[in-house]
Amino acid sequence: MPLTPDVLTRASDPVLQVRLSPEGRLRGASARARIERPAAEVWELLQDLEGYVRYLPMVDRVERSGDELTLSLRFKLGLFSAGLRFTAHATYSEGRTVELRWVAGEPRDLRLRFELTDAGDGACIVDGEGEFDLQSLGWVVKYFLKHHPEIELGIYPGVALALIDALRRAAAAR
C-alpha cells in the first residue's frame, strides 16, 4: 500500500519509517499511529511522563527532578539481566510536542520525541520517534550485535513502535 497522506492519517495500524546515518547505518526510527482519543486527553498523558513511561517495556523505575527524568531500564538476555540508567531533559510545546534529550547515562545521545495532531474526529495522530547511540550500550550488546547483526535492524523500529503502543495502552487505560 503506498504511503499517501490519507494512509498516514487514517491507518489503523502504525506506519513506520527508519532513518539512516550518513554511513548508511540505522540511527533511529519514527512511527505514526492513530489513537482513538482526543488530542487534549493524550496530551495529558504526555505531560505526566512519569506515569506514561511506566507503560514502556523495560522501564524499571522513573525519577523526576523538574524537567529532568532519570529512567532505569532492565532487560533480560537469556540467563543474564542487564540494567541501564539515563537522564534526559524534557521540553514541551504546549499541547503539541514533548521531547526528551540525553543528559547522562546509557544509551548516549538519546532523543525521544512525540508530536500530536488533532485528527478532527475525536481522535489524534501521534508521531513518536527515537534515536540513540546503540554502540554505547556496552560490550554485551556489541558482542551480541557482532554475531547477530540482523538484530540491529529491529531495535530502532521496535523502540518507535513501543513508544506509540505504550501511549495507546495508557490512553486505553484511562
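Leaving aside neighbours within four places in sequence, Leu46 is in contact with Tyr92, Val98, Phe114, Leu116 and Leu167, where contact means heavy atoms within 4.5 Å. The model is a predicted one, in which local features need pLDDT of at least 70 and side-chain atom pairs count only at pLDDT 80 or more, while totals for chains, interfaces and linings use all residues. Residues are numbered from 1 along each chain as its sequence is written, and side-chain values use heavy atoms, with hydrogens and water left out. Leu46 is found in helix α2 (residues 39–47); helices (H or I, at least four residues) and strands (E, at least two) are DSSP runs numbered from the N terminus. With a relative accessible area of 0%, Leu46 is buried; buried means under 20% relative accessible area, exposed over 50% and partly exposed in between, for a 1.4 Å probe and protein chains only. Leu46 and Tyr92 are 46 residues apart along the chain, and their C-alpha atoms are separated by 9.5 Å.

The largest nonpolar core has 45 residues, and Tyr52, Val126 and Leu167 touch the most other members. A nonpolar core is a set of buried Ala, Val, Leu, Ile, Met, Phe, Trp, Tyr and Cys residues joined through side-chain atoms within 4.5 Å. Helix α5 (residues 152–173) contributes the largest share of this core, 8 residues. Apart from neighbours within four places in sequence, Leu167 is in contact with Ile35, Val42, Leu45, Leu46, Tyr52, Phe114 and Val126. In soluble globular proteins, nonpolar side chains tend to be buried together.

The count of aromatic pairs comes to 3, for rings of Phe, Tyr and Trp (its six-membered ring) whose centres lie within 6.5 Å; planes under 30 degrees apart count as stacked, over 60 as edge-to-face and the rest as tilted. One of them is edge-to-face, because the rings of Tyr52 and Phe114 have their centres 5.4 Å apart and their planes at 90°. Tyr52 lies in helix α3 (residues 49–52) and Phe114 in strand β7 (residues 111–118), so this pair ties together parts that are 62 residues apart in sequence. Tyr52 is buried at 2% relative accessibility, and Phe114 is buried at 3%. The rings of Phe132 and Tyr156 form a tilted pair, with centres 4.9 Å apart and planes at 45°. This pair links distant parts of the chain, with Phe132 in the loop between β8 (124–131) and α4 and Tyr156 in helix α5, 24 residues apart. Phe132 counts as buried at 11% relative accessibility, as does Tyr156 at 3%.

A search of the whole structure finds 18 salt bridges, a salt bridge being a side-chain nitrogen of Lys or Arg within 4 Å of a carboxyl oxygen of Asp or Glu. Arg25 forms one with Glu152, and the closest N and O atoms are 2.6 Å apart. Arg25 lies in the loop between β1 and β2 (26–35) and Glu152 in helix α5, so the pair ties together parts that are 127 residues apart in sequence. Arg25 is partly exposed at 44% relative accessibility, whereas Glu152 is buried at 10%. The side chains of Asp121 and Arg34 also meet in a salt bridge (2.5 Å, N to O). Here Asp121 is in the loop between β7 and β8 and Arg34 in strand β2, 87 residues apart. Asp121 counts as partly exposed at 40% relative accessibility, and Arg34 as buried at 13%.

In a further salt bridge, the closest N and O atoms of Asp133 and Arg108 are 3.5 Å apart. Asp133 lies in the loop between β8 and α4 and Arg108 in the loop between β6 (97–105) and β7, so parts 25 residues apart in sequence are tied together. Asp133 is partly exposed at 22% relative accessibility, and Arg108 is partly exposed at 38%. Salt bridges that share partners join Arg19, Arg96, Glu99, Arg101, Arg111, Arg113, Glu115, Glu129 and Glu131 into one network.

At the surface, Asp13 is placed in the loop between α1 (5–10) and β1 (15–20) and counts as exposed at 55% relative accessibility.
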